[in-house]
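Subject: Structure handover

Hello,

Here is the structure I promised to pass on. Please open it before reading further. My notes follow below.

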Amino acid sequence: MATDNMLNVPKTNMSAFYDDLEARLALLTGIVPMEDLGLTLEQVRKPMLVIGLPGIGKTAGIMSIIKNLNETKLRGTGRELGFKKILLGQTVVGSMSGIPVVMPDGSVKRVQVPDLPDPNRDPEYGVLFLDELTTADEAQVQPALGLCDDSRNIGEYTLPPHWLVVSAGNGPDCTNFLRLDDMTISRFVVYDIAYDFTRDWRPYANANGIEDDIIAFLNFDPSMCVRVESTENDTSGRLFPCPRTWERLSNELKIRRAVGKPVPQAQMGEFAGRIVGLNAGRAFQSFTAYHEKVTYDPKKIIEGTEEPPKPDMEKQVYFIVLQNCMKLLKIRIDQDDDGSGNFSSEIKTCVANVIRWFLHMEPVDLESTYSALLSLRGGDARIKQIVQGADFDDFCPELTDFTERNWENLIEAKELGAFDTIG
């Protein structure tokens, strides 16, 4: 059955959801006075629903935004954002409305579960995250929906006024998706996520120390970033690759190296398969086998002394070299970065040398050339800043020539959402 536009909302990306969430929290906490925009509290705290494949970082992204606001814009203000999460699929039916407890005087009072925000215990501001909205059965979902309408209550409990409800669930193309009725969906602003490795996870991976081999592999095959393996005919769930499991694999590889027992390449498929699933594990093992074919030195590429890439270079080697250059380039930039936003001519030359080396592949593999340029530009915000600098053309006129030659293709690809233009 086709699932395209089943929810009758446009596809969007994670950054759009994160931007809207951060804006609402800024208004709720008074970072930006809502009165100045002519908005009311009721309008700002409209519930949000994010739909997407499992494991793409919905929970982690929300927590990251809260942490960032608490550590930056709310620091020293006396205000703080809290976070509460309820897994609806694992919530006892009826507990959301409170657990009946007999009081000393014989009366019965419903005591709220600890997962619900308590004004006497929790911050005045926060996010109540209702997960598994699309996989829990109706008896578990319905009580929670009382928190998503204008009353914002369940029985005797009322959600504190400055807490925002955010719900999440898997999309219609997941086998455990339960149909949402019109009345349920209409309570929310809905974000149907079309997840993309290059846009949504690669910047995070580069910034958070994900293993270089994993980033290189996903540059080579972005479709492996998240791929649900189970079907309607399966009698049990299946392990699958997603940002959550790739990050776990990265951590496990680091642990093995830290104790002096790195995973041998011959065992990589079995090791990775226990974390990202059998098919992804085998593909990752096959990719890492190309390390023995890498003959190019990233240090020489950055210094501009390495020989140009051979036209018949395998794509796997291409992306391994690319990630190695990215890693070394970031180290050089870290050493040069004084926090002023100004970079030395030496660093600009290094960036230009890397770009120039990969531009040699344009005549034989234009697609990989695009990918390399975007990986460099999107891998570190400082590289993007350097490339977009007014004087970068003096260091790498070849990039301007490339852009002019391929302008129509660049524009077409941008319209298709494949990448952002260079420069």
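Which residues does tryptophan 246 touch, not counting residues up to four places away in sequence? Keep in mind that this is a predicted model. Tryptophan 246 touches Trp201, Ile214, Phe217, Leu218, Met224, Cys225, Pro241, Val276, Ala280 and Phe284.

**Cores.** Trp246 belongs to the largest nonpolar core, which has 90 residues. Together with Phe17, Leu25, Leu249 and Ile355, Trp246 touches the most other members. Helix H12, residues 315-336, gives the most to this core: 10 residues.

**Cysteines.** There are zero disulfides in the structure. Take cysteine 225, which is in no disulfide. The nearest cysteine sulfur belongs to cysteine 242 and is 8.3 Å away. A disulfide needs the two sulfur atoms within 2.5 Å. Cysteine 225 has a relative accessible area of 1%, so it is buried. Cysteine 325 also counts as buried, because its relative accessibility is 0%. The cut-off for buried is under 20%.

**Sheet.** Six strands form an open sheet with parallel pairing. Their order is S1-S10-S2-S9-S6-S3. Strands S1 (11-12) and S3 (81-87) stand at the edges. Each has a single partner strand, so one side of each is left without a neighbour in the sheet. Further in, strand S2 (residues 48-51) pairs with strand S9 (residues 163-169) over four bridges, in the parallel sense.

Best wishes

How values were computed:
Residues are numbered from 1 along each chain as its sequence is written. This is a predicted model: local features need pLDDT of at least 70, side-chain atom pairs count only at pLDDT 80 or more; totals for chains, interfaces and linings use all residues. Side-chain values use heavy atoms; hydrogens and water are left out. Buried means under 20% relative accessible area, exposed over 50%, partly exposed in between (1.4 Å probe, protein chains only). Two strands pair if DSSP finds at least two bridges between them. Helices (H or I, at least four residues) and strands (E, at least two) are DSSP runs, numbered from the N terminus. A nonpolar core is a set of buried Ala, Val, Leu, Ile, Met, Phe, Trp, Tyr and Cys residues joined through side-chain atoms within 4.5 Å. Contact means heavy atoms within 4.5 Å.
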